[in-house]
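Trainee: Could we go through this model together? I would like to know what stands behind each label.

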Amino acid sequence: MVSIPLEAGLLLAAVLFVIGLVGILIRRNILFILLSIEILLNASGLAFIVAGYHWNQPDGQVMFFFILTMAAAEVAVGLALALLMFHEFKTLNIDQLTRMQG
């Protein structure tokens, strides 16, 4: 079995996290923001799995299952909100959704 070094796995997780964070900060479409959040969550899950594998503990895999559950809930709520926004405003651009400022 091929062993992946801890540093390489954590570096990949950090790169994915930065890609997701940049996606959230620069994108204006709600679908791309949801995708960026998914990348963030998967990066954190990868970090948990790599760390758990390195220390021979199953805690990382358990945390990844929690992250998967949270990601599924986030997608369900996010897509429902995006659908309602598109139905109400006919756009998914968050800059044009100024009527939702509370």
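Trainee: Which residues line the largest pocket?

Mentor: Val2, Ser3, Ile4, Pro5, Gly9, Leu12, Leu46, Ile49, Val50 and Tyr53 line the largest pocket. Elements giving two or more residues to this lining are α1 and α2 (30–54), and α2 gives the largest share, 4 residues. This is a predicted model, where local features need pLDDT of at least 70 and side-chain atom pairs 80 or more, while totals for chains, interfaces and linings use all residues. Numbering starts from 1 along each chain as its sequence is written, and side-chain values use heavy atoms, leaving out hydrogens and water.

Trainee: What makes a set of points a pocket?

Mentor: On a 1 Å grid over the protein atoms alone, a pocket is an open set with protein on both sides within 12 Å along at least five of seven lines, and lining residues have an atom within 4 Å of a point. The largest pocket has a volume of about 170 Å³, the space filled by probe spheres set on the points.

Trainee: Why is Phe17 called partly exposed?

Mentor: Buried means under 20% relative accessible area and exposed over 50%, with partly exposed in between (1.4 Å probe, protein chains only). Phe17 has a relative accessible area of 39%, so Phe17 is partly exposed. Phe17 is found in helix α1 (residues 6–26); helices are DSSP runs (H or I, at least four residues).

Trainee: What does UniProt list as "transmembrane region"?

Mentor: The unreviewed entry lists residues 6–26, 33–55 and 61–86, though annotations may be inferred rather than shown by experiment. In the model, residues 61–86 are 100% helix, with end C-alpha atoms 36 Å apart.

Technical notes
On a 1 Å grid over the protein atoms alone, a cavity is a set of points where a 1.4 Å probe fits but cannot get out, and a pocket is an open set with protein on both sides within 12 Å along at least five of seven lines; lining residues have an atom within 4 Å of a point.
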